[in-house]
Each structure stands twice: as structure tokens, then as C-alpha cells.
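Hi,

Here is the model I said I'd pass on. Have a look at it first, then read my notes below.

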Number of protein chains: 2
Amino acid sequence: MTFREKFTPAAEKNNSWLCLGLDLDPEKVPEKFRKNTKGLLEFCGMVVEATKDLVSAYKPNIAFFEALGAEGLELLGKTMALIPSGIPVILDAKRGDIGNTSAKYAKAAFEGFGADAVTVNPYMGSDCVEPFLSYKDKFVFLLVLTSNKGAADFEQLRTADGESVYMKVAAKIKEWNRFGNLGAVIGATKAADLGKIRELLRDEIFLVPGLGTQGGDLDASVKNCFLYNGLGTFNVARDILYAGPSAEDIRAKAVQYRDLLNRSLKGS
Amino acid sequence: MTFREKFTPAAEKNNSWLCLGLDLDPEKVPEKFRKNTKGLLEFCGMVVEATKDLVSAYKPNIAFFEALGAEGLELLGKTMALIPSGIPVILDAKRGDIGNTSAKYAKAAFEGFGADAVTVNPYMGSDCVEPFLSYKDKFVFLLVLTSNKGAADFEQLRTADGESVYMKVAAKIKEWNRFGNLGAVIGATKAADLGKIRELLRDEIFLVPGLGTQGGDLDASVKNCFLYNGLGTFNVARDILYAGPSAEDIRAKAVQYRDLLNRSLKGS
């Protein structure tokens, strides 16, 4: 089953375009959970249980697990195993290296962790992305225009032909997407640019971070993402994960975001 | 002790500007080693023992260890522990994410693995690099111009002012390097560009991959790297690691590269 074949039914079944970012930070986990592997896994289990009918995807960010050492990566594997098989898992890893090395990263993400999709950094170009794309049933979200302020440094640089670096990345997505398994990461903080990228990439799935704590523009980014019957999944992490000590708190915040997204979508 | 305080004496003591890349690939490890964690650690131990007086740094690429799962990351930790404390370890990870997430990657690299330096991908800009730089005794090698052909896709794009993306990254290194702990990755396959970047970044340490299997230009890249009394460490991985079944084979190939680098340096 391809990522798309998993993602669309999950989104439709749960009536949700929300992606829940699993940014596991022991310092923010409610006090009632012990800060060891067992306690953190219980917390992750509670989160998944409380939200599995409310999301279109989960997106664990591997950085948070790496920071806990080899045990943290075991915890990531166990957390991913708790996610119902019908809901796609996007491993947010922002990997990328020369070909033979990217192949190792792809193996780790897709075979080792069994992720359905992975985020990849485009800086090093085609041969850094190819080994990921060769897993045709898997999916790659390539960073195009990120939600942070540092996006201005290089992503938004003007190129000699009057375009910008991130539009060049978007154009390469169109060129490289021969298996239909390549999408784009575009921050909700850049809603107008998101629309411009959608003009070019009409069939590609977008992963849109930057709502919630980062303060992106929900209405405009939803509207622009879903133009031309495009699809996207909107990530919120901290704002939901650490909404309160109980499963109900987390569930309530996830419901709130799901509904906000759906209202924006109906209004657009 | 800062990275620089460790690197320069190591290079001088071993009379070497060679960096040995630890790209551990079980399929290429000599047959006499079992392909389990224990056997692979024995291989890594043999490599370090055979080369520790011949190198200025070691550079394990984390991708190869990630591909072996959580056990692989334990193996990485154990391999790094075998490296004499006087020789700096550059963890080649090409990480980078928004600020709070990059902080987790920095913690994993510097506190978890105890690396002296880490490679970072610049695409997402300043706030993606800052959390790494805040470890003032550690060191960051920022990707500027990589050795692979995909470098042409985005790194070498012309910018509106007639420059190129990679020169913009180089310029930001100059701006961001207020603690003296930021260097650059520039491929030996781009020797002329390396010289142009050295014109701008005269005090920064360069990490130069792309010799050996990738076929970079040794003479020209050494000459350009060491202009203005600049320093650099030249990475070779596969060509040395898998030179043959015995410690002597590995040592002989490392000696050969060390000497080639020294001859280029004297000739320049």
C-alpha cells in the first residue's frame, strides 16, 4: 500500500487534516509519568490512544528521541508500533547526504523504523533525494520553505532568474516526482508562498508545519494548500502534546485543531 | 578544550591532515569479522588501532550506524570510545531543524555521543545552526559546497546579485562565527571554488570530503585549503576502510593518503 493509499482514507475516515507531531520532550511530559523509557512510552501511548480517531497522520520528530540516546530510538520504534496501521507515520528526520549514505538513512527510516514517509533536506540535490524515492511505496516530504525565521537566509534568496531558491526546489519536485511519492514541506507561516507553490505542484501532498506555537496563518494556509483539489496534512505538536496532564486535555486540544482546520477548509 | 585546541596538536603530532571517515558498511567489512555488533566493533577497533597515529581526525558518519538500528547507535558510541582522547571526532550527521529541535540534535551529538564536532545542513538558516554553536567548546562544520553532483541543483544556483547560494552560506559563516567554532564543508571535487571560499573564510577550518572513491583533485584542493595559513582536514573513508582484510592493508592505505596530502602541501 502506498503512502497516498493510506493517507487519504485515514484523513477521510477521521475527517481530519491534522498531523500530530510527536516531539517527545521529557521536560514537558506531565509529572505523573516517570521520565524513564517506560514512563515516556506510557505517555506516548496515552497520546496515540487519545487522538487516533482525530488525525490524518502522526509525525514523530526523531531529534527528540535521538537526544535520549540509543534507548530513545528504541522508544521511537515502540511508539511507532502503537500507532494503528491505518494511520500513516511521517518520520521527521530532515536527512540527506551523498547517494550511498542517503541509502543508509532511507534504510533506517523505511526498513528499520517502518515509517511510511520521511522528511528530507534538499540542499545537497538530486542524488541525496533519489535513494529515498526508490522506495516507491514510501513517501518523501522534501523541505521547500520552512516555518522558521531562518528560512530568509537561504531558502528565500532571490536567484539570478528572478525566482527564489525555494521555488527552484519546488520545480525539482515536479521534475523528480516520477513515482508520485514526493511531496513538499511548506510552513503555515508562509501562506502566500504556499499558494504560489500549489500553483506549480497541484497533485503533490504538502506537509504544513508552523501552526500552534509557531503562530502560522491557518485560514490562508488551508485555503492555499487545498487549491486544485490538492491535499495536505497540518502539523501541530507542542500545543496538543502538552495541553494538560490528562488524555482529555490532549484530546480536547486535538479536537479543537481538527475542527479549526475543517472550518477553514469549508470556508475556503 | 576547544575543538581547535584538540585538532591542531593532533594534526601536528601525527603530521597528518587526513580525516578517516568511519562509514561502517557490514557488506564491505572483511569476511573474518562477524556481522554482529561484536564483530563490527572489533573491526572498528582494528581500524582505529591501525590508524590512530596517522590521522588528524576521525569522522564517523551516523547514517551507517542508524541503518543498523538502536544497536548500531550503541556501536557508534562504543566505537567513539575507542578513539584516543587527543584525536577529535567529527560526527557526520548533516543535521538541522527549527531551533528547539536543533537543540535536541546538538544535545544528542555533543552530550550523548560526546562528539567534538558535527556537520550541519544550512538550508533552514540561522536558528537551525545557533543551538549547535552555543556549545562553544564544540565545533560545527556547515555544509557549503558538497562533493556530489547534486551540488549543482541548489548549492551552485546563481543568486540575483551574481553570487551563488554556496557563497551566501560561506558569507553567513563569517557573520555567525563569533565564537570561532564554525567551519565549512567543501568537496575536493570543487577545488577552484574551495579557493574562492578560502579567500573569504581565512581563519575557518575546512572539512574536505571527496578524495578517494569520489575522485576529487587532491593537489588543487590542498593548495587552496591551506592558503593564508588556513587549516583543513581531508576525509577519505571507503578507500582506506575497505583497503583489504588486514590491519596492515588499512594502515598502508592511510599512510599513502597521509603522504599524498603532505606532498601536496609541501608542493603548494
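A word on terms before the details: helices (H or I, at least four residues) and strands (E, at least two) are DSSP runs, numbered from the N terminus. The model is predicted, so local features need pLDDT of at least 70 and side-chain atom pairs count only at pLDDT 80 or more, while totals for chains, interfaces and linings use all residues. Residues are numbered from 1 along each chain as its sequence is written, chains are lettered from A and ligands numbered from 1 in the order in which they are written, and side-chain values use heavy atoms, leaving out hydrogens and water.

Let's start with helix H1 (residues 3-13) of chain A: A:Phe3 and A:Phe7 both lie in it, four residues apart, about one turn of the helix. In general, an α-helix has 3.6 residues a turn, so residues three or four places apart point the same way.

Now for the core. A nonpolar core is a set of buried Ala, Val, Leu, Ile, Met, Phe, Trp, Tyr and Cys residues joined through side-chain atoms within 4.5 Å. The largest has 192 residues, and A:Val144 and B:Val144 have the most contacts inside it. Leaving aside residues up to four places away in sequence, A:Val144 is in contact (heavy atoms within 4.5 Å) with residues including A:Tyr166, A:Ile173, A:Ile197 and, from the other chain, B:Tyr123.

How do the two chains relate? With copies superposed by least squares on the C-alpha atoms of residues with pLDDT of at least 70 in both, a rotation of 180° with 0.0 Å of shift along its axis puts chain A on chain B, at an RMSD of 0.0 Å. The copies are thus related as by a two-fold rotation axis. They meet through the same surface, because 100% of the interface residues of chain A are also interface residues in chain B.

Cheers

Key
Buried < 20%, exposed > 50% of the residue type's maximum accessible area, 1.4 Å probe, protein only.
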